[in-house]
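Trainee: I'd like to learn how to read side-chain packing in a model like this one. Can we go through it together?

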Amino acid sequence: GEKGSSAVLSQKDTTPMSPQERMRLSNPKYVLREWMMVEAYSKASPSTVSSSPSIFKPAAKSTQSDESLIHGLFELILNPYDEGTEEQDKKYYRRAPDAATMAGGTAFMS
């Protein structure tokens, strides 16, 4: 995306802006949700998560930490107003997974 794309029009700028563009620049497309964070830290620290109930258990009792989701979320929030990639849309521009809506702490604001 363009640097500074979230800036509002200055009084000196007389370029007209459509209502849709104003809305896009005022409302981020991507907002971090708790279910996203739970999934990321569950994969980053599987040994910690394996001893507690979680909706995002690591596959096959893996003890290998995977911080890729943490890095992916960091990249996402660098430009929350941008359209993002197709991969980001599939992962993050959606409702919470059904399992997350049933889990304590992630249901109401996801």
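Predicted model: local features only at pLDDT ≥ 70, side-chain atom pairs only at ≥ 80, totals over all residues.

Trainee: Where is glutamine 88 placed, and is glutamine 88 buried or exposed?

Mentor: Its place is in helix H5. With a relative accessible area of 17%, glutamine 88 counts as buried, because the cut-off for that is under 20%.

Trainee: Two of those contacts are tyrosines. How do I read a pair of rings?

Mentor: You describe a pair of aromatic rings by how far apart the centres are and by the angle of the planes. Here the count comes to one aromatic pair. Tyrosine 30 and tyrosine 93 make up that pair, edge-to-face, with 6.2 Å centre to centre and 75° between the planes.

Trainee: Which parts does the pair tie together?

Mentor: Tyrosine 30 sits in the loop between helix H1 and helix H2, and tyrosine 93 in the loop between helix H5 and helix H6, so the pair links parts that are 63 residues apart in sequence. Tyrosine 30 is buried, at a relative accessible area of 5%. As for tyrosine 93, lysine 29 lies over its face, 4.6 Å from the ring centre.

Trainee: Leu76 was on your contact list too. How do I read a helix face?

Mentor: An α-helix has 3.6 residues a turn, so residues three or four places apart point the same way. In helix H4, Leu69, Leu73 and Leu76 are buried. Down the axis of H4, the buried residues fall within an arc of 60°, so they line one face of the helix.

Trainee: What do the buried residues of H4 pack against?

Mentor: They pack against H2 and H5.

Definitions and conventions:
Residues numbered from 1 in each chain as written. Heavy atoms only, no water. Phe/Tyr/Trp six-rings, centres within 6.5 Å; stacked < 30°, edge-to-face > 60°. Helix = DSSP H or I, 4+ residues; strand = E, 2+ residues; numbered from the N terminus. Buried < 20%, exposed > 50% of the residue type's maximum accessible area, 1.4 Å probe, protein only. Lys NZ or Arg CZ within 6 Å of the ring centre and 35° of its normal. Arc of directions from axis to C-beta. Contact = heavy atoms within 4.5 Å.
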